[in-house]
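Could you take me on a short tour of this model? I have it open in my viewer and would like to know what to select next and what I will find there.

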Amino acid sequence: MDTVNTPDPSLSSVAVEKAVPQHLHSVHQKDSSVLSLAADQDHIFSGSQGQDIYVWDRHSYFAKTTLEGHTGPVLALEVSREQRWLFSSRQHCPHLVHDLAAALYTIIPDGGTDAGDIFSLAYSPTLSTLFFAPNDSRHTQTAFKRDKFFESGVRGSSTRTPMFYAQRIPKSPPVDLQIHNTEPTTIYVPAANTLQSAHYGYIYCMALLPSPHISASDPEREDGSIELLTGSGDADVRLWLCNRDGPVLRHTFSAGEGGGVLSLVARAGTVYAGCQAGFVKVWDLETRTLVRTIIAYENIDVLSLSMLGTDLYGCSANGMVQRWSASFDCTASWQAHDGIILSSIVASDKSSPNPTRHALVTGGNDNTIRYVSRSDTLLHALETFVSVPSAAIWLKKCLSQLGAEAGLLPTLDAGGAEACGSPLVLATFYGTGSKDRQRPRILFYGHYDVIGASKAGWATDPFTLTGSDGYLYGRGVTDNKGPILAAAVAASDMLARRALDVDVVMLIEGDEEVGSPRFADSVRRYKDQIGRVDAILVSNSYWIGENTPCITYGLRGVVHASVEISSKRADVHSGVDGGAVSEPMIEMIKLLSTLTNGQKVLLPGFYDDVRPMTSRELEQFELLANVTKEPAARLSSRWREPSLSVHGLQVSGPGNATVIPACVKATVSLRVVPDQDTDTIAQSLVDHLELNFRALQSPNTLNVQIERKADWWLGDLDEPWFRALEGAIKDEWGVTPLRIREGGSIPPIPILEKEFGCPALQLPLGQSSDQAHLANERISLINLRRGKSVIERFFTSVAHIGLQP
């Protein structure tokens, strides 16, 4: 029964833009529209306007390699997951078959290499047959071809071309492709495998039933047959029954006023056809009737259709994606591309820990591939966390929902009075079993406050989590919201699996970016509520490069001071009083010059207690020098040697070239190292400045204030907790992490270590290019996920440390 004269069913009109999917991630194909897409278990393949097929890693979203062999636009891609072959077609035949391990084959249809453009490919694993249709503009009729070359001994061919191998390069994508060219094996499709006059117009799309796509669940047929659907510019969809003897036409569906059929998808006995006029036609295969006409966007081409479960996704030439339910309700509509959407597929979501989760992948002429998936717990929480600059209440609720007992603690001053600082968030994930059971207790320290951010200089909104080219962008994603949630979700997931055999205490403050001024007093006051702590874990630092994981075992301490010289008079004009007054600026310059001689600090006894470098340490620095290409002496200067810096000068008055300021203020810092005493160094700075100012015999006044201090920290490389963390990193990444130190300071680490009398550990998750505190702050998605896995491994490995008899 033909549907040409069937009355049109009720129309489904489009909904307004709504319900944007939870997580969007974009990758950018260099200087080329994304014409076609395909996916296997580990990769996304994208066809370009040039000769290349880009291969994207499904776990990290990084471009991994490129496949060459075409000399024009790659119009269609199809994957045989069983054989791990990739089929590709281009303008003006031939098309190529890539063995994903190594080999390359060229298929030439009957009619030769100028048989026409191939816009669509369909591969049936049931029949081991590839279907394709060359569209020759010289003819109005289109031939339909099938190729059973898999049965012709090709698999046993000794020709393996081209040969691929990977080579590291410094920037993303991290791997480039080199090709060893040899002659490809040519396979000719015989005339007997050609069906003439399949359509009276170009064939733009194909679909198979049962569908071989990963998101489909159509059962195989007992007789081994399949059904093939073809859509054409002649406004027809044709249904072919295919078996080992070839295709036989069973029915023709007419899209009627919908115009040319540009896209097809079929599932569970239903056919969906995207048309030129902006309609999606829906037919029931059993009754051969049109059951619905969906209006996507009137007179805007529906260029691609995909199915995920019972949901239909339509991709239009205006860059919009719409989602319809099984009852044809439009449940979502969003702007996916800044241009035309040219292709879409559904692929398993390898960025998610859930193996059954799938993602919609779209490609457009804006040179962008977009992955759309439901967020997992980690990304969903991080999206909200980033949107709230200071989020103590939200974080407490989040940790409670993840399974912790959580609360807020007001910050206190030294006298025990409630201070005006941000509250502490205290949350405990109790391990499996009774709360009274004796288990190791690990305290995870972090901070929820962030450096301020304006939109200036940012490519995206700093408080909207944005996924792009394998990275998550937003203020705080690496410093320190991403690592906090990685630890919390790790504990939560292990608790859900009844695999958490440690107690995880999370102590998250909100004043780290201003020096944690009340943290020590608050910890002492709440020590009993925090409870026993066996080890401290911190993740608030970065690798020294991009590719090799690190473990941090040392930080310098710091003394911040302000130095002010002032006179009792007001600012004066240099043309009136210059030479007649003692100028605070000149005295400040003289005073500051007494602090250093080149890089050497001139405070008395400054270097007396600096711990000498051991031969073991020297070997470590030389190893790192080979990795970083930075001299070992420079690394030592940055990480383990003390220093003094002058950060700025402030003056009273307008600060113009004719005014002598009455007051000048300098900011100075000292970095201290093992085994210097921070308090002694601070007092030495005050004494030195006061002594040298008195020598000036100035009528002006000097005021030196120690603004804040933080002790240095050095971990024990032979201690079992350190070994356990180092082993967890190695097990996850497959390489031994680099042992590094840092020149900065994290005041709470030595505070917590001394207060609880236990070792502290520093696990960096971010890369050196993460832009913490700067515009476009980011963290690698793979680093965040694998960092969570490292923490899970660590919790597992330390479950019995300290509990042995």
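Start by selecting W543, P549, C550, I729, W733, L763, P764, L765, N783, G787 and V790: together they line the largest cavity of this predicted model. The space inside amounts to about 60 Å³, and a search of the whole structure turns up five cavities of 30 Å³ or more.

Now colour that lining by residue class. You will see nine nonpolar residues and two polar ones, with no charged residue. Next, show α11 (720-733) and α13 (781-797), each of which supplies at least two residues of this lining. Which of the helices gives the most? That is α13, with three residues.

From here, go to N540, in the loop that links β39 (535-538) to β40 (550-555). Is N540 buried or exposed? Its relative accessibility is 9%, so N540 counts as buried. Leaving aside residues up to four places away in sequence, display what N540 touches: H447, D479, N480, E512, I746, Q762 and L763.

For the last stop, move to the open sheet of four strands, ordered β3-β4-β5-β6 with antiparallel pairing. Its edges are β3 (36-39) and β6 (63-67), each pairing on one side only. On average, neighbouring strands here are turned by 20° against each other, direction ignored. Zoom in on β3 and on β4 (residues 43-47), which are joined by four bridges.

Technical notes. Residues are numbered from 1 along each chain as its sequence is written. This is a predicted model: local features need pLDDT of at least 70, side-chain atom pairs count only at pLDDT 80 or more; totals for chains, interfaces and linings use all residues. Side-chain values use heavy atoms; hydrogens and water are left out. Two strands pair if DSSP finds at least two bridges between them. Axes are lines fitted to C-alpha atoms, for helices over the stretch in contact, and angles run from 0 to 180 degrees between N-to-C directions. Buried means under 20% relative accessible area, exposed over 50%, partly exposed in between (1.4 Å probe, protein chains only). Contact means heavy atoms within 4.5 Å. On a 1 Å grid over the protein atoms alone, a cavity is a set of points where a 1.4 Å probe fits but cannot get out, and a pocket is an open set with protein on both sides within 12 Å along at least five of seven lines; lining residues have an atom within 4 Å of a point. Grid points are joined across faces, edges and corners, and a volume is the space filled by probe spheres set on the points. Ala, Val, Leu, Ile, Met, Phe, Trp, Tyr, Cys and Pro count as nonpolar, Asp, Glu, Lys and Arg as charged, and the others, Gly among them, as polar.
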